[in-house]
Amino acid sequence: MVLSKTASESDVSIHSTFASRYVRSSLPRFKMSENSIPKEAAYQIINDELMLDGNPRLNLASFVTTWMEPECDKLMMDAINKNYVDMDEYPVTTELQNRCVNMIAHLFNAPIGDSEAAIGVGTVGSSEAIMLAGLAFKRKWQNRRKAEGKPCDKPNIVTGANVQVCWEKFANYFEVELKEVKLREGYYVMDPVKAVELVDENTICVAAILGSTLNGEFEDVKLLNDLLMEKNKQTGWDTPIHVDAASGGFIAPFLYPELEWDFRLPLVKSINVSGHKYGLVYAGIGWVIWRSKEDLPEELIFHINYLGADQPTFTLNFSKGSSQVIAQYYQLIRLGFEGYQNIMENCRENALVLKQGLEKTGRFNIISKDVGVPLVAFSLKDNSHHNEFEVSEMLRRFGWIVPAYTMPADAQHITVLRVVIREDFSRTLAERLVLDIVKVLHELDTLPARLSCKIAKSSSTCKEKVKNGIVAKKTEIETQREIAEVWKKFVLQRKTNVC
């Protein structure tokens, strides 16, 4: 005879995912649940929430790579379970990392022969790379000061105010004074002349940025090198330079090969670069390269043998995945110099299309430079009624993520929008973005200003009360009524236009 039974509450295999109790009721968010749930339900719950994230390819705030070829995706997934630090167990992965270090060192014109090994290491990103480079500078400076019988308790580092936050972290975490060269309107990178003026006997290095996060501009490393060499000659100091090429390190060699910013300059002792930016690898890989072995103090390198063999290591972390290292090697051999050059030229051309489209609107000032990282930084010519933050906010309705931010000191009164042009940002998308920006501007023009008009504006455009020569803001209720009336007209107009 055939035996049958009633499906119990726990027999979930026959339930559709969206008909199951696991999807109908929410799970605890900040504590582990008492019982397990089916893998299908766990996947669906997480996948549903992740749908509310932005589209990575429309995230124009980020420099980080958001697309790679399927063949490389497969290589990364095949290596997802390899711990990079197990060098004795995964010797080929270690060899691939060493090949990447040497390729990048030659790209940066390191003074090494064809048979010599370059000095460098793969990192989680440029933040770790900068920490390691900074530690090497600090330790070398301390060793020299101790040998001279001088105090070594007040190290400092000179940078521009436009540096990425990881430099502030380094200074804070490792107790180094951060001397910042302030910016000024129209000049949004470190001034080499002012930077050298800040250098003293306690300066462990001067950090130059090849591709400012703010506007993509390359700092003048050649001029900095020449000025610093002269100061070193006059003072007897030996202050070196580190180049933060996180964004520009994989751009300058292909677009501006004659530009001197790398190891061709004698004072440049180390360079960091982000493989996950214009190195064209997904997030999680950076590189730091030293000019020579003498520039990396031996006491910072640790040797371990409990994984099977003697392994030198100089990192801030220990375990990490191998996928990004493998992906970087794939890109370097797959694309070669020609491939990288083609991609960077394409990015530059698409940036030019976007720039020209924005200029045609007549509403924006272009802050970015033609020579630098392929991005477009721009600000409103008139932001008295609506500002860049409102433009950024309204663009999200079209799916675009375009950041708005204020410049650092002493240019904090300047607000900027920035669009980073990556490999997967096509000319079609550039043209579409301009159209959507124009739509946003037209819509903002129909809305009341969020802030009261500036006093400098005429009274005809600034409907405010004037009492004894002083401009007074409208009351809260007056402002609310005006906003409600404008929105009412706006909604009625939209209804009228519906076919």
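Trainee: What should I know about the ground rules?
Mentor: Residues are numbered from 1 along each chain as its sequence is written. The model is predicted, so to speak by rule: local features need pLDDT of at least 70, side-chain atom pairs count only at pLDDT 80 or more, and totals for chains, interfaces and linings use all residues, while side-chain values use heavy atoms, with hydrogens and water left out.

Trainee: What is the mean pLDDT?
Mentor: The mean is 88, and 85% of the residues reach 70 or more. pLDDT is the predictor's confidence in each residue, from 0 to 100.

Trainee: Where does pLDDT stay under 50?
Mentor: Over residues 451–467. The model has 22 contacts for that stretch beyond four places in sequence. Contact means heavy atoms within 4.5 Å.

Trainee: Sheets next. What order do the seven strands take?
Mentor: E1-E7-E6-E5-E4-E2-E3, as an open sheet with mixed pairing. Strands (E, at least two residues) and helices (H or I, at least four) are DSSP runs, numbered from the N terminus. Two strands pair if DSSP finds at least two bridges between them.

Trainee: Which are the edge strands there?
Mentor: E1 (119–123) and E3 (177–181), each pairing on one side only. Neighbouring strands of this sheet are turned by 20 degrees against each other on average, direction ignored. Axes are lines fitted to C-alpha atoms, for helices over the stretch in contact, and angles run from 0 to 180 degrees between N-to-C directions.

Trainee: How many bridges join E1 to E7?
Mentor: Five, and the two strands run antiparallel. E7 covers residues 286–290. Thr 123 stands opposite Gly 286 in E7.

Trainee: And the sheet of four strands, what order?
Mentor: E10-E11-E13-E12, open, with antiparallel pairing. Its edge strands are E10 (364–366) and E12 (404–406).

Trainee: How do E12 and E13 pair?
Mentor: Antiparallel, over three bridges, with E13 at residues 415–420. Tyr 405 has Val 416 in E13 as its bridge partner.

Trainee: Which peptide bond is cis?
Mentor: The one from Ala 409 to Asp 410, with omega near 0 degrees. Asp 410 sits in the loop between E12 and E13.

Trainee: What about phi at Glu 175?
Mentor: Positive, about 55 degrees, although Glu 175 is not a glycine. Glu 175 lies in the loop between helix H6 (165–173) and E3. Most residues other than glycine have a negative phi, and most peptide bonds are trans.

Trainee: Switching to Val 64. Where is it found?
Mentor: In the loop between helix H2 (39–50) and helix H3 (70–78). Val 64 and Lys 277 are 213 residues apart in sequence, yet 4.4 Å apart in space, C-alpha to C-alpha.

Trainee: What does Val 64 touch?
Mentor: His 276, Lys 277, Ala 283 and Arg 422, not counting residues up to four places away in sequence.

Trainee: How many cavities of 30 Å³ or more?
Mentor: One. A cavity is a set of points, on a 1 Å grid over the protein atoms alone, where a 1.4 Å probe fits but cannot get out. Grid points are joined across faces, edges and corners, and a volume is the space filled by probe spheres set on the points.

Trainee: How much space lies in the largest cavity?
Mentor: About 70 Å³. Its lining residues (an atom within 4 Å of a point) include Phe 63, Trp 67, Lys 277 and Arg 422.

Methods:
1 Å grid on protein atoms, 1.4 Å probe; cavity = no way out; pocket = protein on both sides within 12 Å on 5 of 7 lines; lining within 4 Å.
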